[in-house]
Amino acid sequence: MDNTFFAAFAGLVDAGNGLLWGSVLIYLLLGAGLYFTVMTRGIQLRYFGHMFKLLRHSRESDGGISSFQALSTSLAARVGTGNLAGVAVAISLGGPGAVFWMWMTAMVGMATSFIESTLAQAFKVDHGDGTFRGGPARYIERGLGLRWLAVAFSVCLIIAFGLAFNSVQANSIAQAMEQAFAVPTWAIGVLLIAVVTPIIFGGLKSIARVAELIVPLMALLYLLLALVVVATNAAELPGALATIVKSAFGLEQAAGGAVAYAVSQAIMNGIQRGLFSNEAGMGSAPNAAATATTKPDHPAAQGFIQMLGVFLDTLVICTATAAIIIMAGPGLLAGDEVNGIQLTQMALSSHVGQWGGMFVAVAILLFAFTSVIANYSYGEANVEYLAGCRAPVAVLIYRLAVLAMVMVGSVASLGPIWNFADLSMGMMALINLVAILLLSPVAFALFRDYERQLKAGVEPVFDPAQFPDLAHKLDAQAWPARKAGRETR
């Protein structure tokens with residue numbers, strides 16, 4: 001294949017991204033999030049404290065995958081290049097105002113995440129080994145009866161997460177390590193394969209255990225460093241926040257007459273990178289949400305837990321990265337030769353010295369490494385869904401393909417991978433958003449049932465018998481009939 005083919009393919013990818021991200025997804029994503037927010041009467045604000053309260057019993061699992069492990073797995077996928085390289089890309093292309101639109105995406109995305117994760121729990125199926133499987137493919141087929149659309153989603157997810165996104169994560173690791181320690185990118189690819197292989201061959205329980213150990217520690221260490229940077233530059237914090245807000249609405253560009261263009265770039269890059277980071281509405285996190293044994297024993301419980309994941313990812317960790325970059329000063333953003341993770345490394349180094357770049361390299365190694373194994377787990381669940389009785393062979397082929405793409409991503413250039421990942425993510429999000437909008441009455445009913453029991457002072461318990469129109473669509477092994485309010489398994 002010659003350069004003409006690759007140029008034509010790149011043109012198709014760019015055209016697809018322009019259509020999806022230039023109009024369709026921006027309106028659908030924000031519109032759906034606002035709709036879910038209104039219909040739940042601001043669930044992300046009214047139940048903000050409840051999200052943290054549920055963490056107290058989130059490690060209980062009865063031998064399966066706990067709510068906390070499911071949250072850690074979804075955070076492992078969320079907290080990756082989007083938080084370090086993605087924020088830098090958003091700011092360099094869309095200006096500081098892109099951060100504001102990342103925040104807005106996260107705020108409405110919290111409600112979207114609740115809806116899709118609650119649906120994933122409701123329509124999950126028993127895997128026969130003490131764990132569950134589910135996600136958009138399951139609730140599209142079981143809830144809507146649209147097998148063909150479920151298959152289309154699964155294919156998009158396998159391509160996006162198993163292949164494109166894992167290439168992006170490996171690419172960021174390789175670039176960061178090369179920048180900080182002058183390690184050849186091919187060597188990083190080989191090392192990644194050596195470490196990732198035993199984990200993914202260990203199955204979803206192995207992945208959940210690794211995520212549970214690494215994700216909280218790595219996030220805490222990164223946030224502590226960001227707090228040190230903010231504290232040492234406290235006088236500049238008001239100015240940095242003002243810059244973000246002004247740039248979001250084109251106020252800083254007004255004198256130059258480029259308001260419309262500046263605002264459109266801030267919105268597009270902020271929403272695009274915000275979704276890539278927190279994944280709300282994309283249909284990825286529900287695959288992790290469905291695996292959990294919930295405490296309380298109700299689908300909505302995992303909806304609240306996953307809503308917390310969006311908050312931690314974008315409004316906490318992404319904001320920390322944005323503060324590091326913006327407080328480094330406008331001069332850092334002036335050049336075109338630096339992008340992605342290298343921009344974050346340079347920004348942190350300007351604050352704390354040369355070791356800052358090395359710290360970011362280690363952080364992205366952990367962030368992106370855990371993203372690789374979590375992304376893999378999403379793909380495995382959908383490979384099993386598509387393959388049915390042939391799942392063992394299909395999963396083996398998928399595992400080898402994932403490892404191959406990790407190697408390819410380690411040595412490939414950043415631009416084409418980002419563009420293809422954006423297109424894959426856009427197709428996934430489009431299918432999932434349409435599905436959860438159609439199934440939203442089910443999620444609203446489950447939320448009202450949970451809220452009613454909570455207000456009555458009892459621990460919410462899901463009884464399928466109370467939902468006669470829904471019960472026949474659910475897996476009886478995952479949700480056996482019981483009387484609400486009784487102690488359950």
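Tutor: Glu451 and Lys455 stand about one helical turn from each other, because they are 4 residues apart in helix α18. Helices here are DSSP runs of H or I with at least four residues, strands are runs of E with at least two, and both are numbered from the N terminus. The model is a predicted one, in which local features need pLDDT of at least 70 and side-chain atom pairs count only at pLDDT 80 or more, while totals for chains, interfaces and linings use all residues. Residues are numbered from 1 along each chain as its sequence is written, and side-chain values use heavy atoms, with hydrogens and water left out.

The two side chains form a salt bridge, their closest N and O atoms being 3.9 Å apart; the criterion is a side-chain nitrogen of Lys or Arg within 4 Å of a carboxyl oxygen of Asp or Glu. Buried stands for under 20% relative accessible area, exposed for over 50%, and partly exposed for values in between, with a 1.4 Å probe and protein chains only. The pair also belongs to a network of salt bridges that links Arg41, Arg46, Glu451 and Lys455.

Ser440 lies in helix α18 as well. This serine counts as buried because its relative accessibility is 1%. Leaving aside residues up to four places away in sequence, Ser440 touches Tyr35 and Phe36, where contact means heavy atoms within 4.5 Å.

The whole structure contains 18 aromatic pairs, and one of them joins Tyr47 to Phe447 in an edge-to-face arrangement, 5.9 Å centre to centre with 85° between the planes. Phe447 lies in helix α18 (residues 414-455) and Tyr47 in the loop between α2 (43-46) and α3 (48-53), so their pairing ties together parts that are 400 residues apart in sequence. Rings of Phe, Tyr and Trp (its six-membered ring) are paired if their centres lie within 6.5 Å; planes under 30 degrees apart count as stacked, over 60 as edge-to-face, and the rest as tilted. Both partners are buried, Tyr47 at 8% relative accessibility and Phe447 at 3%. Ring pairs extend this into a cluster of Tyr47, Phe114, Phe304, Phe447 and Tyr450.

Phe462 is buried, with a relative accessible area of 0%, and Trp479 counts as buried at 2%.

Arg133 is in strand β3 (residues 132-133) and Glu384 in helix α16, so parts that are 251 residues apart in sequence are tied together. Arg133 counts as buried at 5% relative accessibility, and Glu384 is buried at 17%. A further salt bridge joins Glu380 and Arg399, with closest N and O atoms 3.5 Å apart. This pair connects helix α16, which holds Glu380, to helix α17 (residues 391-411), which holds Arg399, across 19 residues. Both Glu380 and Arg399 are buried. The charged end of Arg399 also sits over the ring of Phe201, 4.9 Å from its centre; the rule asks for NZ of Lys or CZ of Arg within 6 Å of the ring centre and within 35 degrees of the ring normal. The charged end of Lys124 sits in this way over the ring of Phe132, at 3.9 Å from its centre.

Helix α16 (residues 355-387) also gives the most, 4 residues, to a nonpolar patch. The patch is formed on the surface by Phe181, Trp355, Met358, Val362 and Leu366, with about 430 Å² of accessible area together. Patch members have over 30% relative accessible area and no salt bridge, with like charges joined within 9 Å and nonpolar side chains (Val, Leu, Ile, Met, Phe, Trp, Tyr) within 5 Å; areas follow the Shrake-Rupley method with a 1.4 Å probe, and for residues only the protein chains shown count as cover. Leu366, placed in helix α16, is partly exposed, with a relative accessible area of 32%.
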